[in-house]
Amino acid sequence: MRASSCFGLSLVLAMLPLGCDGPRSTGGVFKFDGGLDDDAQSSDDAASAKDAQVGEDAQVVADVVAEADAPAVEDAPAVEDAPAVEDAPAVEDAPTIEDAGPSCEGGRVSCGGVCVDPSADAANCGACGNACAMGQRCDAGACVAACEGGQVLCGGGCVDPSSDAMHCGACGNACAGAPNATGTCAGGTCAVTCASGYGDCDGDASNGCETSLTANTTHCGACGVTCPGGSLAVCAMGACATQCMPGQTLCGSSCADILTSQDHCGACGNACGSAPNATGRCVLGACQLSCAANFGDCDRDASNGCETDLRANVNHCGACGMGCATPPGGAPSCAAGTCSATCPTGRTLCGGLCVDTQTDNSHCGRCGNACGTSATCGGGSCSVPVLNTRYNRITSPQSFIDACSAAGRLTYLASSDDGSARVPLPFAFRYWATNMSAGSQINITSNGWIGMLGDTAASLSGTVPSTSTPNGVIAPYWGDNYNRSPGMCVATVGSAPNRQWVVEWQNAYHYGSGSQSLTFEVVLSETSNTIDLVYSTMTGTGTRTVGIENQTGSLGVGGCTTGAYSCAPTSGTRVRFSPIP
């Protein structure tokens, strides 16, 4: 049974600073851990608390004594397991903590009223209030660097062993450099990075980056890059080049001018082949057909060559698009490239028309002899003298008409040098003192002029006015020129009585040069009888004859903006010759 006397408690209480009837403490409440609470309540409240604590402790001791006296009880070993009394000195060994707090277990201590683990708590590392700096963690009570994302601690710092050249794969494993190279780390394995302009072309890291990539034709710019061209190849500053002359291109193992080469026209390997009645040639990098004499590529289909015989085709007589007109009561024909026809008795073929030269005002007495508006043809003679008609030169309001894009246009003298062709005038037109009828033949040439007398000259130079042939010249840009494809485009635009006849030179150039781009035209207007010279693109122009002259070359008007007969027209220039009585 349990003891109820004070004596029965004396064995245990002798180990505590308590007595059965001893005086109550007036200096504070006694704590179980042996300290005093400096902020204790009044002495009465403290005594009550102490009595309650003593009573609780007495009960524990009584239970211990009772269990000691009754060893037969099955739970008697609990007395031996109770460490409370025998382990009491542990209270004296507890570390001093400035602020009182809860009783902590498992190596944890109270810091600021909270149980913490000083071996791992970054805010109280090793001792309360010892906070680790940003980027550190608490390890075994000491602040160390905190490494993240696959990094490890090496030499007091965090490194990535997969890429750190000083700690590659492991701390202290530094990657060494080599000739023309520096040591690098990739995937935890040491390697070398070549200096600019060098390469490890033999794959042997021990000798570093042994190859210069700036001038090696077999390793130009990068290992294994071989410059093409054989003995003509060079490597300059890591880029392949060739030793071809300026203006030439390396094609295979030889140099070629792709602007003129038959085998490499415009690009290496693009050969200009032949075709029926034609041979291929390269002009400014484009393959063109060069037709045999008296043949033309009138269908503009290079695959069948120059398919048209210009000597006997009434639709292409002498030149593609040169159709022979059918005169009233007659039949057209083409012989040796010249149009002809059979006219009724008493009529003569003039300009594709069957006319009575005895009465025809445009062909009075002979073809092309016009009497004009102030005279009448009778018996083959004009009844009154023909007055000269002159022109005023003004800035033209006429815009450029692209005859090559006009409906029904015909092309002439493609790829032609010093070429000419006769083309019918589509409507009546008064030139100087002569009334020209529809169908009158006009001579067009590749050399930048047309002849209103219908001759076949192709003079490469001349002046206006001049009584030397050719006469009746309209010269927008008279000089030794060369037609590129498509050559010259002739078209009639508008509706009667205000039609316009356009003769356009498209993308011509000076013979022997090829660097110019010259597009210009002559425009004749129905009813008003004005003559316009319109210049679209005039790149690289030179001084040329510009102006008009009458049928005998005795009178003329300069076509330059200053009134001169010789100048270099510029792009956008427009000149009009307006007739006056």
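This is a predicted model: local features need pLDDT of at least 70, side-chain atom pairs count only at pLDDT 80 or more; totals for chains, interfaces and linings use all residues.

Visitor: Why is the pair of cysteine 251 and cysteine 268 called a disulfide?

Guide: The term requires two cysteine sulfur atoms within 2.5 Å. The sulfur atoms of cysteine 251 and cysteine 268 are 2.0 Å apart, so the pair is a disulfide. By this rule the count comes to 24 disulfides.

Visitor: Where in the chain do cysteine 251 and cysteine 268 lie?

Guide: Cysteine 251 is in strand S13, while cysteine 268 is in the loop between strand S14 and strand S15. The two are 17 residues apart, and the pair links distant parts of the chain.

Visitor: Why is cysteine 251 called buried?

Guide: Buried means under 20% relative accessible area. Cysteine 251 has 5%, so the residue is buried.

Visitor: What makes cysteine 268 partly exposed?

Guide: That class lies between the limits of 20% and 50%. At 41% relative accessibility, cysteine 268 therefore counts as partly exposed.

Visitor: How do you know that cysteine 350 and cysteine 367 form a disulfide?

Guide: Their sulfur atoms are 1.7 Å apart, and the cut-off is 2.5 Å, so the pair qualifies. The torsion about the S-S bond is about -75°, so this disulfide is left-handed.

Terms used. Residues are numbered from 1 along each chain as its sequence is written. Side-chain values use heavy atoms; hydrogens and water are left out. Helices (H or I, at least four residues) and strands (E, at least two) are DSSP runs, numbered from the N terminus. Buried means under 20% relative accessible area, exposed over 50%, partly exposed in between (1.4 Å probe, protein chains only).
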